[in-house]
Amino acid sequence: MHFNRIIFIGLGLGLAFSSLKGQQTSYSDGEMAFIPGGNYFPFFSGKEDQEKVDPFYIDRFPVTNREFETFLADHPQWSKKNIKSLFADAGYLKHWKQDSGFESDITMSPVVFVSWFAAQKYCECMGKRLPTTTEWELVAEAGKTRPDGRNEEGFTRLILGMASKPNPATHPEVGKTLLNYYGVWDMHGLIWEWTYDFNSALGTGGSRSDSNAENTLFCGGGSGKAKDVDDYAAFLRHALRSSLKANYTVSNVGFRCAKDADKP
Amino acid sequence: MEQHKLTSRFIFIFSLFLLSGLMACQRSDKTENKESLGREHNLVEIIGEEKAILTSPPFVPPPIARKHATKVIIDLEVIELEQEIADGVSYVFWTFGGTVPGSFIRIREGDYVEFHLKNHPDNKLPHNIDLHAVTGQGGGAEATFAAPGYEAVFNFTALNPGLFVYHCATAPVGMHIANGMYGLILVEPKEGLLKVDKEFYVMQGDFYTEGSYGESGLQPFDMNKAIKEQPDYVVFNGKVGALTGENTLKAKAGETVRLFVGNGGPNLVSSFHVIGEVFDNVYMEGGSLKNHDIQTTLVPAGGSAITEFKVEIPGDFILVDHSIFRAFNKGALGILEVDGEENKLIYSGKSEPGIYQPSAEAGKPKKKSEETFALTPEQQLALGEKLYKINCAACHLNDGNGVTNIFPPLKNSDYFNKDITKAIAPVVNGLSGEITVNGQKYNSVMPKQALTDAETAAVLNYVYQIMNESKTTVKPEDVKKVRK
């Protein structure tokens, strides 16, 4: 009798512990994943263009409405009411209520209708920065079970399928779409995300002499040099990024932060 | 030749047209020769301003009555939406104006256009527009590139007249077009088009879905099929049945009809044809060159054609891509329904309905009936089964159950009773007219079969003994007696 009770309590504790642990792995504010870095081949160019990526950390989840609200409480100059028009256009936090706050059902949804300036400021205040496009794409290449998921069966198709669904009325919670090899959620199928150098794809790229070839990527919308012309999802992301300006606020563009690995 | 086709009512209009054509020629001799290069002469004085009327397919905005160039403001909205591509099958279309193809735009040669492209805030993707009517970088693509929730504006002068395709040119371009982002813009020539009674807007497109044709539910875009150029759907106006049933195009006998035909692709070239009509005029590839008396006109992907004809007689005229499997198996089929008085001189209809029974020569038994004499009853039944599969199963099906209301059953069929003459006659002489089988009326045609007497006996014995579990036996000489 006595024994049974102890076992029962023990079991109960075990259950409580495991569910708590489960919660931690599914979501935690600003928690980051380590990305060992490596060589990244931009999808729109040949092998000679590989870029070395240093190790870095990246947020496991896109920044949520709740996190962004907390940030605004400490930095009211970035609130809907006070933000300088230079830093965001009229659509800033359009999905929130008139002055501040939002409907409770989007608490854990990714924050959208944020400008690049606001996103970068948020990351700065967290001691982080926006990921570069190369970093972001490197993480996005990961499949469920390996760093290069593009060879995983059905991976490209899965991403493309998610990318071509219509926008839902409100964005679902973070941490529900796809968990990748690095333990990073929602790289595909939830929202588009700002990157630090989102607008560089169209630039003439100071270090490159082949600016012409890169430009044709977006003029004609295809690139003869593309290493993987089937990677339509990558084309979609690059097209989206190149349509943006830093003060734009878009219904399905949010962000996550990154930081260098040598600053833990 | 053309005059022959037109009634007296149209001779008047036609001669007016000739006259105006003559005048245009005289003028063009001086300044606007079509053969000459450059169209700067169309940079003319702009008088006034108006908002373009946009229409959804199959409708077309009214002809332009203006005799001068004006400033035209065009507002076109990009909308991503889920709708049916076939009954029970849905697809996420990316559209110009909420329809596939996009809104029809009608302007006049020399017009100065202020184009507003609005990318709806609920959209997932950036979009732009490349109008083939535009002389300039990307046809406006670069100038109109807009993120979701943003608007882009650019201006152009319509230098060349013609029927032009517009489409989205955002990476990946193929995918944007494959999802329905195309439409037509008509730049009416200064002299206008011939007056007609009915104008319609028809545009073909090919679609690539993960499920094959008709597989129900929401079907995602299949990139691999698109690259292989193997569409599941080839349709007019964005849906199987967009121009049939209650959406049929309608006209009255004696009316003149103009079809503005476009092809969005992304991959296939269309062999556009209207079954039962000859196009009196075709503006080839949507340009200024007019051809006459055309059966089928080629509409390139990213191209167009204008076809004009008079519907002289009533009937259903079928619009098809004459790459014909696309019409009957993938959806490229529409109907132009014409009501009114018949003209038996032009078309008589079926005057003497009946069956064609091949001549005695052609239908003559090929082999001597003696050949099967030596067979045992089992071998005869096996032969009967084989012959059944070759000669009968196509209509009456392998199991002999037939097709309700069309092909009567042979299995467990009250038609196969003691009267073997009734069973032999259709096989050797053919059968038409109403019959009753198992209480069900059938009224089809069965052609006579090219079987010898012995073969006929063998196949009928198979039907009697195996399909109807009857002991009846048909002998070759029974067949011989019935054969006419």
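Leaving aside neighbours within four places in sequence, which residues is Leu184(B) in contact with? I will come to that after some ground rules.

This is a predicted model, in which local features need pLDDT of at least 70 and side-chain atom pairs count only at pLDDT 80 or more, while totals for chains, interfaces and linings use all residues. Residues are numbered from 1 along each chain as its sequence is written, and chains are lettered from A and ligands numbered from 1 in the order in which they are written.

Now the answer. Two residues are in contact if their C-beta atoms, placed from the backbone, lie within 7 Å. Beyond its sequence neighbours within four places, Leu184(B) is in contact with Pro101(B), Phe104(B), Leu163(B), Phe164(B), Val165(B), Tyr201(B), Met203(B), Phe260(B), Gly262(B) and Ser304(B).

Next, the cores. A residue is buried if 20 or more other C-beta atoms lie within 10 Å of its own, exposed if 12 or fewer, and partly exposed in between, with C-beta atoms placed from the backbone. A nonpolar core is a set of buried Ala, Val, Leu, Ile, Met, Phe, Trp, Tyr and Cys residues joined through C-beta atoms within 7 Å. The largest one has 150 residues, and those touching the most other members are Ala119(A), Phe164(B), Leu184(B), Ile185(B) and Val202(B). Helix H7 of chain A, residues 232-242, gives the most to this core, with seven residues. Helices (H or I, at least four residues) and strands (E, at least two) are DSSP runs, numbered from the N terminus.

On to the chains. Chain A has seven helices and seven strands, and 40% of its 264 residues count as buried. Chain B has 12 helices and 25 strands, and 42% of its 484 residues count as buried.

Where they meet, 27 residues of chain B are in contact with 25 residues of chain A. On the chain B side, strand E2 (71-86) and helix H4 (173-178) each supply at least two residues, and E2(B) gives the most, with three. By class, that side has 18 nonpolar, four polar and five charged residues. Here Ala, Val, Leu, Ile, Met, Phe, Trp, Tyr, Cys and Pro count as nonpolar, Asp, Glu, Lys and Arg as charged, and the others, Gly among them, as polar.

One helix in chain A is worth a slide. In H2(A), residues 65-74, the residues Asn65(A), Glu67(A), Phe68(A) and Leu72(A) are buried. Seen down the axis of H2(A), the buried residues fall within an arc of 160 degrees (taken from the directions from the helix axis to the C-beta atoms), so they line one face of the helix. On the other side, Thr70(A), Ala73(A) and Asp74(A) are exposed. Helix H3 (116-125) of chain A is included in what covers the buried residues of H2(A).

Last, some backbone details in chain B. A cis peptide bond, with omega about 5 degrees, joins Pro57(B) and Pro58(B). Pro58(B) sits in the loop between strand E1 (49-51) and E2. Another cis peptide bond joins Ala171(B) and Pro172(B), with omega about -10 degrees. Asn237(B) is not a glycine, yet has a positive phi of about 55 degrees. Asn237(B) counts as buried because it has 21 C-beta neighbours inside 10 Å.
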